[in-house]
Amino acid sequence: MSKIVETIKSLDIQTDVPVKTNIDGVSIFKGVSYAPRRPVMYDPGVCIMLQGEKEISLGGVEYPYNEDNYLVVSVNVPLMAEIFATPESMVIGMAVDIDMAQLHDLISIVRHPFSLSENLNQYHPKAIEPARMEPEMKHTIERMAGCLT
């Protein structure tokens, strides 16, 4: 994903804040300054770290957030975040919003073969969940990032 990182680094965009892109619901982040642990609000979406590291915590639980792990956020949630960035070692990220109404429509179309109530004892929904960056996800991000320029 180094090509994506270089593309985002080369963009003349404001740093240390999320910036909307030409793709609706997709924003990018180019952090060049260390930000000490502070409260932030995350919206439902998929948060991808292309370079660098953030430390995210919720209720005392730390979540890995780097090139190897992305975050899936299912609801609006206040988190604590610390950003480890310098001008020489930027943090480069991308966020993809989840349209909850559209997701609800998709779920109703799929019609899962089991009911949610049958599985609540086995599955405990979480507001935020890290996921390992697999090759398929990397490929999807690369294709999407190709649309940014």
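View 1. Buried means under 20% relative accessible area, exposed over 50% and partly exposed in between, with a 1.4 Å probe and protein chains only. Residues are numbered from 1 along each chain as its sequence is written, and side-chain values use heavy atoms, leaving out hydrogens and water. This is a predicted model, in which local features need pLDDT of at least 70 and side-chain atom pairs count only at pLDDT 80 or more, while totals for chains, interfaces and linings use all residues.

**View 2. Strand β8 and its partners β3 and β5.** Helices (H or I, at least four residues) and strands (E, at least two) are DSSP runs, numbered from the N terminus. Strands pair if DSSP finds at least two bridges between them. Strand β8 (residues 77-84) runs antiparallel to β3, joined by six bridges; here V40 stands opposite L79 in β8. Strand β5 (residues 53-58) also pairs with β8 in the antiparallel sense, over five bridges, and K54 stands opposite I83.

**View 3. The salt bridge between E55 and R37.** A salt bridge is a side-chain nitrogen of Lys or Arg within 4 Å of a carboxyl oxygen of Asp or Glu; the count comes to four. The side chains of E55 and R37 meet at 2.3 Å, N to O. This pair links distant parts of the chain, with E55 in strand β5 and R37 in strand β3, 18 residues apart. Both are partly exposed, E55 at 26% and R37 at 32% relative accessibility. A network of salt bridges links R37, E55 and E62.

**View 4. The salt bridges E6–K9 and E129–K126.** E6 and K9 lie three residues apart in helix α1 (residues 2-10), about one turn of the helix, and their side chains meet at 3.9 Å, N to O. E6 is partly exposed at 47% relative accessibility, as is K9 at 29%. For E129 and K126 the N to O distance is 3.4 Å; E129 is partly exposed at 35% and K126 at 49%.

**View 5. Confidence at helix α3 and strand β3.** pLDDT is the predictor's confidence in each residue, from 0 to 100. Where pLDDT is low, the predicted coordinates should not be read in detail. The mean for the protein is 85.
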